[in-house]
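Please open the structure in a viewer and keep the selection panel at hand.

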Amino acid sequence: MTSEKPPLPADGQRDEAEPGLGLEQEVIIETARDGWDSKVEYFLAQVGFSVGLGNVWRFPYLCHQNGGGAFILLYVLLMVLIGLPLFFLELAAGQSIRQGSIGVWRHISPKLVGIGYSSCVVCFFVALYYNVIIGWSIFYLGSSFNYPLPWENCPTEGNRTVKECAASSPTAYFWYRKALDITDSIDETGEFNPIITGCLLAAWVIVCLAMYKGIKSTGKVMYFSSVFPYVVLLCFLIRGLTLDGASEGIKFMFYPRLEIWADVQVWRQAATQVFFALGLGFGSVIAYSSYNPRNNNCHRDAFTVSGVNFMTSVLATLVVFAVLGFRAKTIATECVKRNMKAVFEAINASDVETMTLNEYEHWYRTQGQQLSISSYNITACSLEEELKQGVEGTGLAFIAFTEAMTLFPGSPFWSALFFLMLLNLGLSTMFGTMAGILTPLTDTFKTLRNHKFLFTACSCAVGFLIGLLFTQRCGNYFVTMFDDYSATLPLIIVVIFQTFSVAWVYGADRFLEDLKRMLDRPVPVVYKYLWKYVCPAAMLGLLGASLLKMILERPTYIAWNREKASKEVLPYPGWALAVLIMLIAVAFLPIPIGYIHFLLLERLGQSPADAEAGYMPCASTDTDLTPLETLPPSGGDPSSFPPLLLENQDTHLQNGHFESVL
């Protein structure tokens with residue numbers, strides 16, 4: 001080493017080791033890494049990403065279909081045994097290594113760099129269709145500023161009600177015909193829907209504007225997009241609990257049926273919901289935590305965010321079933337009045353207004369079903385059957401819930417509030433999904449890092465252009481395909497490799513020791529056994545159950561038949577099966593490709609030497625924009641450095657933080 005020191009770059013900093021420590025080196029740091037302006041911004045970002053549309057419609061549906069209170073208990077069990085440990089693992093890895101998913105797994109082992117790229121691919125697939133759902137919310141939000149609401153009554157053609165609407169319902173007709181103008185099957189493409197295309201463009205513009213400065217702009221947006229949904233949910237809960245039928249809806253939801261624990265598919269659905277609720281495998285959790293100070297208590301964050309996520313799911317479920325209970329009781333009561341009016345006119349039976357639902361149910365079982373009235377069919381007006389209608393997926397938000405809100409006084413106000421909430425829930429999750437793409441790629445490639453805004457804008461433009469696939473008249477069927485298959489299996493595989501790389505490649509004991517140094521407190525040893533045995537076994541079981549279901553049951557989708565004015569289950573055609581298999585393959589392929597690429601470079605003598613456990617030096621000592629008091633208290637003392645840095649002092653890192661080590 002010469003005595004003459006090279007000049008610092010204009011935007012760089014120079015750290016010199018203290019004399020006498022035996023580490024006579026100079027580190028030139030190219031750029032400072034961004035950091036959160038406050039812990040509140042970071043917390044809101046993590047909560048905003050994990051709390052999304054799935055909390056509002058998927059969790060209530062699964063809870064309703066799978067035993068109510070019994071499903072909630074099962075969900076909590078799996079959250080504690082699988083979700084929380086894996087969530088903590090991602091938080092800790094991102095905070096320790098201070099890079100996106102690509103850099104994190106490259107540093108764990110260069111052989112496993114494909115894990116990070118797979119996360120990016122899955123995030124991109126999810127972003128494509130997730131923004132379409134945000135576009136739908138924008139369309140309904142705009143339509144809510146009409147009185148009466150456009151889905152409150154069936155339209156007419158001349159003096160007659162439109163047949164398709166009369167055979168279904170005004171809300172179903174508006175969703176399938178006015179919003180989507182949907183085809184009868186995925187085989188019928190149809191032209192583009194111009195209104196939904198415009199809404200999709202608006203959604204991508206919002207995402208681009210919120211992301212163009214990275215977390216510096218995203219963090220500010222989170223103050224509104226993460227908090228506002230809770231205000232709306234509380235308003236709906238208070239309003240919902242005052243509605244007639246709310247108690248029946250909540251009672252129906254929470255009634256426990258413990259026998260469902262014997263059903264393997266219920267365990268699979270609960271594990272999948274835990275998996276997606278926390279955003280595991282997307283790389284977004286890693287990206288957000290990589291901007292944290294080094295001594296941030298990520299262990300406490302894991303418990304806090306997981307707890308908030310679960311309580312939000314329960315809160316949303318209470319709201320949904322209070323409102324659906326009101327809807328179901330209103331429809332069932334109207335059914336009773338309609339039937340009894342026919343009976344009263346035909347045989348001079350009991351008074352129409354005085355019969356309750358319970359009395360009608362008893363009367364129908366003992367007398368009503370034996371009655372035969374010409375030109376009229378006496379039906380069973382069941383509150384329970386009405387509660388089962390229209391609860392799944394998008395049908396909950398865009399059909400069942402919208403129908404219930406038409407019964408509210410001041411329905412346009414509640415409708416606008418609801419869809420503004422959906423918009424914010426979707427956007428906060430979308431920001432995290434985009435961070436799972438942008439952060440690892442800008443950390444890895446210097447050119448992208450130097451042109452962040454251009455890269456963000458181009459990514460959003462490409463997302464919009466590919467997203468036009470979903471704005472065709474058959475686009476909703478592709479949304480379902482992407483939602484069911486482009487993320488599920490690849491993400492499970494990604495998380496399996498993540499857990500294996502930390503617990504077995506690097507070593508759970510060493511990782512816990514690193515966390516002890518980073519957090520300045522010991523981490524419970526139970527995580528070692530959860531990471532090494534419980535979580536991999538559970539993930540392999542979930543993967544096996546999902547593959548088995550795909551093999552034994554031909555994948556299907558729910559289509560809307562215009563002539564029948566009803567939903568029907570159709571099998572995917574051959575070409576669609578090829579597409580969904582391709583989606584799974586494209587998302588998974590980076591893992592084996594990354595491994596093969598490393599082996600080829602190694603054979604050519606071009607790959608970096610693996611450390612003892614394959615863990616490359618991390619960027620946990622780079623300078624960031626967070627307070628400098630987060631540095632190790634002993635300053636230049638080598639004993640205070642994480643062992644990850646001491647393993648190899650001479651490595652040239654390509655993440656934009658260490659430009660050279662002399």
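The model is predicted, so local features need pLDDT of at least 70 and side-chain atom pairs count only at pLDDT 80 or more, while totals for chains, interfaces and linings use all residues. Residues are numbered from 1 along each chain as its sequence is written, and side-chain values use heavy atoms, with hydrogens and water left out.

**Nonpolar cores**

Select Phe236 and Met434, the residues with the most contacts inside the largest nonpolar core, which has 186 residues. Such a core is a set of buried Ala, Val, Leu, Ile, Met, Phe, Trp, Tyr and Cys residues joined through side-chain atoms within 4.5 Å. Buried means under 20% relative accessible area, exposed over 50%, and partly exposed in between (1.4 Å probe, protein chains only). Next, display helix α5 (residues 114–143), which gives this core its largest share, 18 residues; helices (H or I, at least four residues) and strands (E, at least two) are DSSP runs, numbered from the N terminus.

Return to Phe236 and show its contacts (heavy atoms within 4.5 Å). Beyond its neighbours within four places in sequence, Phe236 touches Val319, Phe401, Met405, Phe408, Trp414, Leu417 and Phe418. A second, separate core of twelve residues can be found by selecting Cys335, Val336, Tyr360 and Trp363, which are among its members.

**Cysteines**

Now select Cys154 and Cys165, whose sulfur atoms lie 1.9 Å apart in a disulfide, defined as a pair of cysteine sulfur atoms within 2.5 Å. The link is left-handed, with -85° about the S-S bond. Cys154 is in the loop between α5 and β3 (156–157), and Cys165 is in helix α6 (residues 163–167). Cys154 is partly exposed at 22% relative accessible area, whereas Cys165 is buried at 1%.

**Aromatic pairs**

Ring pairs of Phe, Tyr and Trp (its six-membered ring) have centres within 6.5 Å; planes under 30 degrees apart count as stacked, over 60 as edge-to-face and the rest as tilted. Select Trp36 and Tyr291: their centres are 6.3 Å apart and their planes at 90°, so the pair is edge-to-face. Both residues are buried. Continue to Tyr140 and Trp175, a tilted pair with 6.1 Å between centres and 50° between planes. Tyr140 lies in helix α5 and Trp175 in helix α7 (residues 170–179).

**Charges over rings**

Finally, select Arg239, whose charged end sits over the ring of Phe408, 5.4 Å from its centre. The criterion is NZ of Lys or CZ of Arg within 6 Å of the ring centre and within 35 degrees of the ring normal. End at Lys532, which lies over the face of Trp504 at 4.4 Å from the ring centre.
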